[in-house]
Amino acid sequence: KPQAVLHWSNPVRGGDTNGSVFVWTYDGRAELVGTIFSHLVGDDPNLKVMAHSFQSLSAEPLAGNRPGKPSQWSLAEEGVVPKPIPGAPPPAKSRTGRLAQMRDLAREFTVTTVLDGVEQDLRLLTQPLHRQEKPLEEVLDGALFTFVTGTDPELMLVIESRPAGGAGEPVWHYAA
């Protein structure tokens, strides 16, 4: 996707930290999520560092490059392995109903981080960063959610409707 799905800031951490999140898709499904951000270094308000972080959401190996440059990022294995969500209801028949279910399922997850020795609960953004565009053979529907500090994404959560055991009626799966 050429446009950022989220522009964020993190006022909790020291300094002026800001960034944007991007999603790369294949056939409408999120396959890679990345954030590009800047933050201050030390006490100098004029010294900023640009950084990035990428996470594969693919079941296949991935490699990334910039035009005219050698491959700069690659994974030999899948990025995440979705697992069934115990006790989840069967996926709704309608796309609207499934989105409501995915939001409800995402709310059942809690995420805690530790910053400077203090535990902090992260906040779920209930609006998905990305929604799968069309049904696929292996994934009927899916969405990418995030848990944040401020609006800084700290953990990505994929929720998808997949056939049980690779075949049969779909059931809800997750990967974090």
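This is a predicted model: local features need pLDDT of at least 70, side-chain atom pairs count only at pLDDT 80 or more; totals for chains, interfaces and linings use all residues.
Residues are numbered from 1 along each chain as its sequence is written, and side-chain values use heavy atoms, with hydrogens and water left out.

**Around Leu-157.** Colour strand S12 (residues 152-163), and you'll find Leu-157 in it. Strands (E, at least two residues) and helices (H or I, at least four) are DSSP runs, numbered from the N terminus. Now show the neighbours of Leu-157: leaving aside residues up to four places away in sequence, it touches Ala-106, Phe-109, Ala-143, Leu-144, Phe-145, Phe-147, Tyr-174, Ala-175 and Ala-176. Contact here means heavy atoms within 4.5 Å.

Keep Phe-109 and Tyr-174 on screen. They form a tilted aromatic pair, 5.1 Å centre to centre with 55° between the planes. The rule is that rings of Phe, Tyr and Trp (its six-membered ring) pair if their centres lie within 6.5 Å; planes under 30 degrees apart count as stacked, over 60 as edge-to-face and the rest as tilted. This pair links distant parts of the chain, 65 residues apart: Phe-109 is in the loop between helix H1 (95-107) and strand S8 (112-115), Tyr-174 in strand S13 (residues 170-175).

Next, select S1 to S4. They make an open sheet of 4 strands in the order S1-S2-S3-S4, with antiparallel pairing (two strands pair if DSSP finds at least two bridges between them). Strand S1 (6-9) and strand S4 (44-56) are the edges, each pairing on one side only. Zoom in on S2 (residues 18-26) and S3 (residues 29-41), an antiparallel pair with 9 bridges. Val-23 stands opposite Val-33 in S3.

Most residues other than glycine have a negative phi. Step into the loop between S2 and S3 and pick Asp-27: its phi is positive, about 55°, although it is not a glycine. Asp-27 is partly exposed, with a relative accessible area of 40%. Then jump to Asp-116, in the loop between S8 and strand S9 (118-121). Its phi is also positive, near 55°, and at 75% relative accessibility Asp-116 counts as exposed.

**Last stop, the cores.** The largest nonpolar core has 17 residues; Leu-6, Val-21, Val-33, Leu-57, Leu-129, Leu-144 and Met-156 touch the most other members. Such a core is a set of buried Ala, Val, Leu, Ile, Met, Phe, Trp, Tyr and Cys residues joined through side-chain atoms within 4.5 Å. Which strand gives the largest share of this core? S3 does, with 3 residues. Finish on Leu-6, whose contacts include Val-21, Leu-125, Leu-129 and Pro-153. A second, separate core of 14 residues includes Leu-99, Ala-143, Ile-159 and Trp-172.

Conventions:
Buried means under 20% relative accessible area, exposed over 50%, partly exposed in between (1.4 Å probe, protein chains only).
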